[in-house]
Amino acid sequence: MILNRKNLKFEIDFDFILIALTTSLKDYRICYLINKSLNFNFAREEDLRLDIGPDGSEVLFSIYQYSWETTETDFIFIGNKGSDGYLVPEMREADYFILIKNYIDENDLEHLISALNKIPEVVAAVKIEPKKIKSRENLLF
């Protein structure tokens with residue numbers, strides 16, 4: 001008897017843009033500066049809870065959110081260093097991430113990254129390809 005086998009490959013679609021941010025400032029302070037320089041309105045949300053700590057323990061990450069009403073683009077500012085570990089351990093040099101969900105024009109994205117890099121307290125703001133990050137599943141929340 002011959003059995004037909006079919007393998008199903010499952011690939012997660014990372015339909016967001018990721019910007020890594022390096023700065024020595026606290027989360028509330030850098031959000032204030034971003035709000036001031038980019039006319040954003042990041043607002044603090046309840047801490048993100050992920051079970052990615054040692055032995056599957058819960059790790060808390062600070063998170064802020066802002067939306068462009070006209071294009072329904074969501075901006076999520078999240079700390080890379082949590083209460084007991086990193087959101088993206090292979091990118092320890094990044095202090096924060098900005099996830100951009102839904103559509104953003106390429107020119108707007110370039111302007112955003114340029115404006116972030118012009119903030120004196122920001123060491124670097126760079127676009128990261130989510131598919132190249134080993135622990136990319138941590139960014140799906």
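Leaving aside its neighbours within four places in sequence, with which residues is Tyr66 in contact?

1. The model is a predicted one. In it, Tyr66 is in contact with Asn39, Phe40, Asn41 and Phe42, and also with Thr73, Asp74 and Phe75, once neighbours within four places in sequence are set aside. Tyr66 itself is found in strand 5.

2. Is Tyr66 buried or exposed? Its relative accessibility is 16%, and Tyr66 therefore counts as buried, the cut-off for buried being under 20%. Glu45, 21 residues away from Tyr66 in sequence, lies 10 Å from it in space, C-alpha to C-alpha.

3. Helix 1 covers residues 27-38, 12 residues in total. From first C-alpha to last it reaches 16 Å, close to the 16 Å expected at 1.5 Å a residue. Its buried residues are Asp27, Ile30, Cys31, Leu33, Ile34, Asn35 and Leu38. Just after the helix, Asn39 adopts a positive phi of about 55°; Asn39 is also one of the residues in contact with Tyr66.

4. The largest nonpolar core comprises 27 residues, and Ile34, Phe77 and Leu116 have the most contacts inside it. Two or more residues come to this core from each of strand 1 (16-23), helix 1, strand 5 (63-68), strand 6 (73-79), strand 9 (96-101), helix 2 (106-118) and strand 10 (122-128). Apart from this core lies another, of 19 residues, which includes Phe16, Leu87, Met91 and Ile128.

5. The surroundings of Leu116 deserve a separate entry. With neighbours within four places in sequence left aside, Leu116 is in contact with Ile19, Leu21, Ile34, Leu38, Ile98, Val122 and Ala125. Of these, Ile34 and Leu38 are buried in helix 1.

6. The protein chain has two helices and 10 strands, arranged along the sequence as β-α-β-β-β-β-β-β-β-β-α-β. Of contacts between residues at least 6 apart in sequence, 59% join residues at least 24 apart.

7. Taken along the principal axes, the C-alpha atoms fill a box of roughly 70 × 35 × 25 Å. Of the 141 residues in the protein chain, 43% are buried. The accessible surface comes to about 9,100 Å², with 48% of it belonging to carbon and sulfur atoms.

8. As for charge, the protein chain carries 17 positive and 24 negative side chains. The centres of the two sets are 6 Å apart.

Notes. Residues numbered from 1 in each chain as written. Predicted model: local features only at pLDDT ≥ 70, side-chain atom pairs only at ≥ 80, totals over all residues. Heavy atoms only, no water. Helix = DSSP H or I, 4+ residues; strand = E, 2+ residues; numbered from the N terminus. Expected span 1.5 Å × (residues − 1). Buried < 20%, exposed > 50% of the residue type's maximum accessible area, 1.4 Å probe, protein only. Contact = heavy atoms within 4.5 Å. Areas by Shrake-Rupley, 256 points an atom, 1.4 Å probe, with all protein chains shown as cover. Lys, Arg positive; Asp, Glu negative; His and termini not counted. Charge placed at Lys NZ, Arg CZ, Asp CG, Glu CD. Core = buried A, V, L, I, M, F, W, Y, C linked by side-chain atoms within 4.5 Å.
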